[in-house]
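Please open the structure in your viewer and keep the selection panel at hand.

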Amino acid sequence: MHLRLASRGVAALAVALLTTYAAGAAYADSISAVDGDTAAMSTTDIVVSGCTLPVQRDGLVTVKRTGNIHLTPGTTFSLDWSSTDTNVTVEPTDTTQKVPADFDQNGHDSFQVGIRTTIKASAASTGQSTVSVRVTQPGYTTMTAASYAVTWSCTTNTAPVVTIGGVTNGGSYEYGSVPAATCSWTDDHDGSGTVLPTVSGPSGKLGTQTVSCSKTDSAGLVGTATASYSIVDTTGPVLGTVADVSASAVDASGAPVTYSTPSATDAVDGDRPVTCTPASGSTFPLGSTTVTCVATDVTGNRGTTSFAVKVADTTAPVVTVPADDTVAATSPAGATYSYAATAKDNVDGDLTPTCSLASGSTFAFGVTKVICTATDKAGNTGSASFVVTVQDETAPVVTVHEPKPVEATGPDGAVVNWDAATATDDVDGTRPVTCDHVSGATYPVGTTTVTCSAADTHGNTGTSTFAVVVVDTTPPVLHLPKDLTPEATSPSGAVVDWTATATDLVDGAVDVSCDHASGSQFALDTPTTVTCSATDAHGNEATGSFAVTVKDTTAPTLPSFQDVTAEATGAKGAAVEYSVQPAKDLVDGDVLLSCTPASGATFALGKSAVTCSASDKHGNTDSGGFVVTVQDTTPPVFDPIVVDTVEATGPSGAAVSFEPHATDLVDATPAIACDHVSGSTFPLGPTQVTCTATDFSGNHVDQTFTVNVADTTAPVVGTVASQTIEATSAAGAAYTWVMPTAKDLVDGDRPVTCDKEQGATFPLGETTVTCSASDLSKNVGSSSFTVTVQDTTAPAFGAPVNVTATATSAAGAAVTYASPVATDLVDGLTAVTCDRASGSTFPLGTTTVHCSSTDAHGNTAMTSFTVTVTVAWSGFLAPVVDKGVYKQGSTIPVKFALTGASAGVTNLQATLWLRKLPAAGTTGQDPVAVSTSAATTGNLFRYTDGQYLFNLNTKPLAVGSYELRVDLGDGVAHTVTISLR
């Protein structure tokens, strides 16, 4: 190896370095060109020896402004070249081929153009050529060219050696699992690489295939290789997986289960029929049964899959209970109640339920809810309930004491006394009794029915009656005249009149019957005994007699007078019409009578005397009279008394007012007395009230009416605030609330039941819960509230896993990752979307992948993980070693190679950074690494012969320690410390 520099004509020289390598040796060659009206150039020749054709050398053309600007900044330029040997070619390596935009600014008066000089393999092993290059633009073609000489002395090129990988000649591979064939090659000059193989084979899927590989090197030499192998089918069809199937037993034999038959695909034969045992639709027993599905391809290869059909008893027993019932209390403790409850399970058959209150137990007053449950062998529990209402339906038993018959003591009857009635209730014990007639009162002759009643605390009323009997066994008292000696009125004697009356204690005046009527003709001087009798209304008879002896010693006689009784028509009495017979005179015959007061006059209440007189023609006068009695025997008349049903205001009932009114023909305001006071409190239920109106004459009348106090007001049920809760599963969420209370005006505190059980699971959305309470009168009150179950909880991600990968290109690497899993409380597994797709190309360094998952209710969760793509490298290659010592001013080749998956990357943007390590107590500015090679742009490594190279120029550096840092663009710092001496 040797280095030779040759210069030709220098004018207005600007120098750039062209560094070349051949077989590992370093050369410093230069080319320069000048841009301006006056052009000059200088060249450094390329000398290559000890090489194998073809040979490539990279360099830089530096374009420097020395005069007017002809190359327009920012526009595209072209590279013109020529060679005296057609086997020597030149091409630009600058991919942009644009004049820098700041080319004409101060400090930016030059730029570089990369070129590559190639000596083809077809060239003679030894040769020389003159190469001319220049940079041009449309409209400016007078740029002066720079020329340099290329001299080489190389060995003869050989054809590439081609190797087939992945498959073995004569091998046999399963269809679908045939490895990919690869073709690799090595060449004594071109290095190594890969080419795409050509695969040929039969028209069918199975049989023998042949792989052919061919590589032509830069010299046109061709290397080939072939391999043949067989493709066979020994694999059965692939059946799709079937998830285990769960079913609920319909009876003890299990359940018919229908499942989806999996599909089967054969790599060779495509879709294949599948047979499963047991078949879909079969009855599967309780427990787990394995279903085996089989598919066979045309070749007879068999594929299977299996899954489990799990039949479980998930159906709760059906519990049958009696209908709600109402029974009558038999004691203060309530009532004994018997019932029958049964249970039947679709699998276990008849079961014996357990009830919260056993049949035959004593049920307390009010409403008792009986819950009966039955659990089958699988642990499923069914329940049913019914309500037993115990209420007091039996009225108290009223005991009365009927008095003996009493003798009447007057027209009104007699005062009758009796022992007080008593009442006993099977629940409340002794109860007060009210009778519609009182002991010690005056009762009329005859039978009076007395009704006594007693009510218990539950509104049941018992009654009992007895008779009050007043008898009349006393005969009337006769009022007969004394023996009469009437004056004869004719020779025949005289018609004798008399008055015979009878008075009875009860009936007052009663009619008298005589065996000789008053006014009969009695003979003169013959005593006649008149016998009279009187019988009262009750058949009691009195008898008496008197004697009538007719004498003729009196003047003419007046007729007999009859007392008159009239009924009062008003407070002033009554107008009374009466008539009298004329007086009889022995001589004059009939003689008219004159009476005062006259007939038709108004007679006051009570007895009034009427005086009548008669005078014959001879002045003989006689007078007499009778009594007109005006009496009041008509009782008052009641206006109808009607009291509307009154709503109870409390447990004792309600205060009820009423206003009885009566009118009388005689008395304007008859006295009224009632056995219940208006405005007093009446108990629940009907109460009979009797009012009596009495006038001044003692005539009285009773009016009975009913006061009904009812409870139609429902209990007031307290409110429960509506609640919004968060769902805890797809079924919703369990919720327990504070039970409301209920109070009734009459019955006080009442039990409350709701149509949803405490702690029940509420589904998503809004559910209305109604709570109700009933009083003893079966009035029902209620209140409602809502429970809203919402899903505002986002899905939960599992812990994401960061991913690392090795770069396979300068752009990074295609990275496949497992998507994070998101699970929602309500929706289960939810779909996950990431902003960078799995399998996409991730750049060098660390990229954060953001993933999100949204459940069915719009709740979104986010997570992220990192994908870090790093470049696999060899580390610093010789001559650079950590803590190495180098001569200041020398050029240090900094080199590294890419390894592993990164080995094929040739265009990595790698940079070198230089940092002076300050002495203790000192600081300094870190310079940027500077290359000695014109082929390097800035501090960027260049790729050549499988390595990345940077020729570090140490001339500008002072003696001391430095840190070299290689940045591969993946965020990983690779450093080494060196010293310059």
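In this predicted model, the count of salt bridges comes to eight. Three of them are visited here.

Select Glu 757 and Lys 369 to begin. Their side chains form a salt bridge, with 3.9 Å from N to O. Glu 757 sits in the loop between strand S74 (753-754) and strand S75 (761-762), whereas Lys 369 belongs to strand S34 (residues 366-375), so the pair ties together parts that are 388 residues apart in sequence. Glu 757 is exposed, at a relative accessible area of 52%, and Lys 369 is partly exposed, at 40%.

Next, select Lys 743 and Asp 749. The side chains of Lys 743 and Asp 749 meet in a salt bridge of 2.7 Å, N to O. Asp 749 is exposed, with a relative accessible area of 59%.

Then move to Lys 883 and Asp 882, where the N to O distance of the salt bridge is 3.5 Å. Lys 883 counts as exposed at 64% relative accessibility, while Asp 882 is partly exposed at 46%.

Now colour the whole chain by charge. There are 39 positive and 92 negative side chains, and the centres of the two sets lie 36 Å apart.

Finally, show the chain as a cartoon. The secondary structure comprises 93 strands and zero helices. The C-alpha atoms fill a box of roughly 220 × 75 × 60 Å along the principal axes. Of the 981 residues, 39% count as buried. With the surface displayed, the chain exposes about 48,500 Å², of which carbon and sulfur atoms supply 52%.

Note on methods:
Residues are numbered from 1 along each chain as its sequence is written. This is a predicted model: local features need pLDDT of at least 70, side-chain atom pairs count only at pLDDT 80 or more; totals for chains, interfaces and linings use all residues. Side-chain values use heavy atoms; hydrogens and water are left out. Helices (H or I, at least four residues) and strands (E, at least two) are DSSP runs, numbered from the N terminus. Buried means under 20% relative accessible area, exposed over 50%, partly exposed in between (1.4 Å probe, protein chains only). Accessible areas come from the Shrake-Rupley method with a 1.4 Å probe; for residues, only the protein chains shown count as cover. Lys and Arg count as positive and Asp and Glu as negative; His and the chain ends are not counted. The place of a charge is taken as NZ of Lys, CZ of Arg, CG of Asp or CD of Glu. A salt bridge is a side-chain nitrogen of Lys or Arg within 4 Å of a carboxyl oxygen of Asp or Glu.
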